[in-house]
Amino acid sequence: MQIGSTLSLTIQDLAFGGDGVGRAEQCVVFVPFAAVGDQLLVEITELRKNFARGKILQIQVPGPERTQPPCPHYGKCGGCQYQHLTYQAEFQAKQRQLGEVLRRLGALKELPPLDCACPAPQEYGYRNKLRLEAQAVPREAGLPPQADYGYYATDNRTFLRVHGCRLAHPLLNKAIPTAVKSDWGKANAKRKAPQGPAALTLRVDSQEQVKFYFGFSPSRLGWLHEELAGVPFRVPAGSFWQVNPAVATQLLRTVDQWIAPLPAETLVDAYCGAGTFSCALTHPFRERLLMENDRAATEAAQYNLQQQMRGCQILTEATEKALPRRLPQYPPQTTLVVLDPPRTGCQDTVLRCLAQHAPAWILYVSCNPATLARDLKYLTTTGGYTLQKLGLFDMFPRTAHFETAVLLQR
């Protein structure tokens, strides 16, 4: 086997990230956009010591789970990995992948059964946020500056112009021309190198009101009206919010049930955003401490908790700085810490603090099972925690991503 060589390959599984997995000449071969059961003619594009990568030259016999992708950009755009599969096959694959990642990267030999495996009610049209990259269009003499908007291709370098996204809420796709033709859009097209035109972000809230901005969100845009699990929220247009409200609601209701019987008196809500968990958890905590480094988000969290008539302390400070200072002030045997970090996971400082001060329970919500597994390995070995609950929530159907929630007990 060498780069450029071709071979026949039968796909046996789907790896985390979406690639099909086959074996040839005692070597594992990863192939994008493959389906289990596919018999393929594959060209080798990369060769490593323990594995190879290839691309499909011909689908000789399609697997039973293969279907026709509806998006004309699929296979070129780097956003989706599973449109060529039935949704049932995608969701089953994600459940297998979660267990494999936690065992392999997290060294977790014994996992609790999935307490909840929540599929997405909608395969398409679910995203309430759409971000399109921008590229200046070469201008002909006498014509005003223009910009194209789209995604990056699978190579993460090539710009791919699109007029909409099948994953986005229909109102977002409908609003793209309005945004591009607006005075703001025309001004954005005039931005010169080296930065050039800024990315276009569109958001639609629970009242189906659409807001858009170029680059960073200005404060004048105001706040979105949102709702999850029957709880109303106000969220700044530029702050983080779950992109799939239907699945986010299922996540909140599930973890609320997990936490309801616990004798917890203090909630420490790290990476709190606009206060989602502090508002949605119905447990009667005596104290709530929230920490978040996005000032606009903490202002929204303060407002949202006041509307729920819930007292709290909110720190506009990074979790890795605030947690080591404040966690020791609470009795560990009655403290619950909620972690909802970015895709990079928790910082080492946060993990060491949790291991040292040992709150009785940790609820960890993650959109990246690889960094979740890394952090769980530390918490279950050095920290002395055990997994009590495990849930998968398909927040991002047709992509390789999904949301995971775990409840840990000291």
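Lys 94 counts as buried, because its relative accessibility is 0%. The model described here is predicted. Glu 90 has a relative accessibility of 0% and therefore also counts as buried. Between Lys 94 and Glu 90 there is a salt bridge, in which the closest N and O atoms are 2.8 Å apart. Both residues belong to helix α1, which covers residues 87–106. They are four residues apart, about one turn of the helix.

Glu 90 has another partner, Arg 398, and the closest N and O atoms of that salt bridge are 2.4 Å apart. Arg 398 lies in the loop between β20 (386–393) and β21 (403–409), whereas Glu 90 is in helix α1, so this pair ties together parts that are 308 residues apart in sequence. Is Arg 398 buried or exposed? Its relative accessibility is 2%, so Arg 398 counts as buried. A network of salt bridges links Glu 90, Lys 94 and Arg 398 with Glu 123 and Asp 394.

With a relative accessibility of 0%, Gln 97 counts as buried. When residues up to four places away in sequence are not counted, Gln 97 touches Leu 14, Ala 15, Phe 16, Tyr 82 and Phe 402.

The structure holds 15 salt bridges. One of them joins Arg 161 to Asp 148, with the closest N and O atoms 3.3 Å apart. Arg 161 is in strand β10 (residues 159–161) and Asp 148 in strand β9 (residues 146–152), so the pair ties together parts that are 13 residues apart in sequence.

How accessible are the two partners? Arg 161, at 47% relative accessibility, counts as partly exposed. Asp 148 is buried, with a relative accessible area of 17%. The general point behind such pairs is that side chains of opposite charge can pair when their charged atoms come close.

## Helix α8 and its buried residues

Helix α8 spans residues 348–357. Its buried residues are Val 350, Leu 351, Cys 353, Leu 354 and Ala 355. Against which elements do these residues pack? They pack against helices α7 and α9 and against β18 (335–339) and β19 (361–366). After α8 comes Ala 358, which has a positive phi, near 50 degrees.

Ala 355, one of the residues of α8, has a relative accessible area of 12% and is buried because this is under the 20% cut-off. Beyond its neighbours within four places in sequence, Ala 355 is in contact with Tyr 378, Thr 382, Gly 383 and Arg 410. Gly 164 is 191 residues from Ala 355 in sequence, and the C-alpha atoms of the two are 46 Å apart in space.

## How α8 meets α7

Helix α7 covers residues 319–326, and its axis comes within 8 Å of the axis of α8. The two axes cross at roughly 20 degrees. This angle is under 35 degrees, so α7 is roughly parallel to α8. The crossing of α7 and α8 is left-handed.

On the α7 side, the contact is made by Thr 319, Glu 320, Leu 323 and Pro 324. On the α8 side, Thr 349, Val 350, Cys 353 and Leu 354 take part. By class, this contact of α7 with α8 has five nonpolar, two polar and one charged residues.

## How α8 meets α9

Helix α9 covers residues 369–381. The axes of α8 and α9 come within 10 Å and cross at roughly 25 degrees. The two helices are therefore roughly parallel to each other. Their crossing is right-handed.

Which residues make the contact between α8 and α9? From α8 they are Leu 351, Arg 352, Leu 354 and Ala 355, and from α9 they are Asp 375, Tyr 378 and Leu 379. By class, there are five nonpolar, no polar and two charged residues in the contact of α8 with α9. Leu 354 takes part in the contact with α7 and in the contact with α9. Tyr 378 of α9 is also among the residues in contact with Ala 355.

Key
Residues are numbered from 1 along each chain as its sequence is written. This is a predicted model: local features need pLDDT of at least 70, side-chain atom pairs count only at pLDDT 80 or more; totals for chains, interfaces and linings use all residues. Side-chain values use heavy atoms; hydrogens and water are left out. Buried means under 20% relative accessible area, exposed over 50%, partly exposed in between (1.4 Å probe, protein chains only). Contact means heavy atoms within 4.5 Å. Axes are lines fitted to C-alpha atoms, for helices over the stretch in contact, and angles run from 0 to 180 degrees between N-to-C directions. Angles under 35 degrees count as roughly parallel, over 145 as roughly antiparallel, 65 to 115 as roughly perpendicular and the rest as oblique. A crossing is left-handed if the near helix is turned anticlockwise from the far one by less than a right angle, and right-handed if clockwise. Ala, Val, Leu, Ile, Met, Phe, Trp, Tyr, Cys and Pro count as nonpolar, Asp, Glu, Lys and Arg as charged, and the others, Gly among them, as polar. A salt bridge is a side-chain nitrogen of Lys or Arg within 4 Å of a carboxyl oxygen of Asp or Glu.
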